[in-house]
Amino acid sequence: SKTKSTKQLPATQKNFKVKPGNGWCVDADGIEESARRFFKGGCWSSQNLCETDPLCVAFACQNTAGMSVIYTQTDCASSCENWQWVTNPESITKASTEGASATQRVKWASSKCYVQSALSSAVGAVDAGSTSLQVQDGSIFSV
């Protein structure tokens with residue numbers, strides 16, 4: 001009898017969707033309290049960092065001082081105990097500077113929030129001794 005084995009292949013690409021509004025990423029109540037770190041760099045660099053960090057689910061880029069926010073537990077600098085967005089990125093609904101100081105509102109006025117919209121993962125079943133692999137695509141996260 002032939003035995004089948006299933007192998008989970010590593011994710012190869014994250015897709016990001018821009019959220020409405022300007023500022024950093026927030027939930028429906030305008031709250032940002034999520035694990036994050038700050039990064040001196042623009043949108044391309046932020047996206048590259050997020051794509052290579054398995055715990056990154058979103059980023060906001062960039063303010064007038066050249067800073068971006070990476071929403072992750074990796075190298076976390078603020079609200080590190082709050083994993084909600086890491087485990088539930090669909091709770092990120094928009095970008096905003098609501099409740100911030102006038103200085104921060106000006107700095108982040110043209111910034112955008114990008115949230116992981118899908119993470120594809122390949123799962124395959126293989127017969128022992130087989131030379132072919134059937135692959136099925138599945139969404140792990142969706143927004």
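Tutor: Start with one term: a disulfide here is a pair of cysteine sulfur atoms within 2.5 Å. Keep in mind that this is a predicted model.

Student: OK, how many disulfides does the structure hold?

Tutor: There are four disulfides. Count the bonded cysteines along the chain, and the pattern is 1-8, 2-5, 3-4, 6-7.

Student: Where in the chain do Cys25 and Cys113 sit?

Tutor: Cys25 and Cys113 form one of the disulfides, with their sulfur atoms 2.0 Å apart. The pair links distant parts of the chain: Cys25 is in strand E3 (residues 24–26) and Cys113 is in strand E8 (residues 112–127), 88 residues apart.

Student: Is the disulfide of Cys25 and Cys113 right-handed or left-handed, and why?

Tutor: It is right-handed, because the torsion about the S-S bond of Cys25 and Cys113 is about 105 degrees.

Student: And is Cys25 buried or exposed?

Tutor: Cys25 counts as buried because its relative accessibility is 0%. Cys113 is buried too, with a relative accessible area of 0%. The cut-off for buried is under 20%.

Student: What about Cys50 and Cys56, how far apart are their sulfur atoms?

Tutor: The sulfur atoms of Cys50 and Cys56 are 1.9 Å apart, and the two form a disulfide. Their link is left-handed, with -95 degrees about the S-S bond. Cys50 has a relative accessible area of 0%, so it is buried. Cys56 is also at 0% and buried.

Student: Now Cys76 and Cys80. Which hand does their link have?

Tutor: The link of Cys76 and Cys80 is left-handed, at -100 degrees about the S-S bond. Their sulfur atoms are 2.2 Å apart. Cys76 has a relative accessible area of 21%, so it is partly exposed. Cys80 is at 27% and counts as partly exposed as well.

Student: Changing topic. How many aromatic pairs are there?

Tutor: The structure holds four aromatic pairs. One of them is Phe16 with Phe59, which is edge-to-face: the ring centres are 5.2 Å apart and the planes are at 70 degrees. Phe16 lies in strand E2 (residues 14–18) and Phe59 in strand E5, so the pair ties together parts that are 43 residues apart in sequence. Both Phe16 and Phe59 are buried.

Student: And how are the rings of Phe59 and Tyr114 arranged, stacked or edge-to-face?

Tutor: Phe59 and Tyr114 are stacked, 5.1 Å centre to centre with 15 degrees between the planes. This pair also links distant parts of the chain, with Phe59 in strand E5 and Tyr114 in strand E8, 55 residues apart. Phe59 has a relative accessible area of 1%, so it is buried. Tyr114 is at 23%, so it counts as partly exposed.

Student: Which residues end up in the cluster that the ring pairs link?

Tutor: Phe16, Phe59 and Tyr114 are linked into a cluster by ring pairs.

Student: What else is Phe16 in contact with?

Tutor: Leaving aside neighbours within four places in sequence, the contacts of Phe16 include Gln47, Cys50, Val57 and Gln116. Phe16 and Gln116 are 100 residues apart in sequence, yet 4.3 Å apart in space, C-alpha to C-alpha.

Student: Back to strand E5. Which of its residues are buried on each side?

Tutor: Strand E5 (residues 58–61) is covered on both faces. Ala58 and Ala60 are buried on one side, and Phe59 and Cys61 are buried on the other.

Student: Which way do E5 and E6 pair, parallel or antiparallel?

Tutor: E5 pairs with strand E6 (residues 67–71) in the antiparallel sense, over three bridges. Ala58 stands opposite Tyr71 in E6. E5 and E6 form a hairpin with five residues between them, and Gly66 in the turn has a positive phi of about 80 degrees.

Student: Last one. Which residues form the salt bridge?

Tutor: Glu32 forms a salt bridge with Arg36, and their closest N and O atoms are 3.4 Å apart. The structure holds one salt bridge.

Student: Are Glu32 and Arg36 buried or exposed?

Tutor: Both Glu32 and Arg36 are buried.

Note on methods:
Residues numbered from 1 in each chain as written. Predicted model: local features only at pLDDT ≥ 70, side-chain atom pairs only at ≥ 80, totals over all residues. Heavy atoms only, no water. Buried < 20%, exposed > 50% of the residue type's maximum accessible area, 1.4 Å probe, protein only. Helix = DSSP H or I, 4+ residues; strand = E, 2+ residues; numbered from the N terminus. Pairing = 2+ DSSP bridges. Phe/Tyr/Trp six-rings, centres within 6.5 Å; stacked < 30°, edge-to-face > 60°. Salt bridge = Lys/Arg side-chain N within 4 Å of Asp/Glu carboxyl O. Contact = heavy atoms within 4.5 Å.
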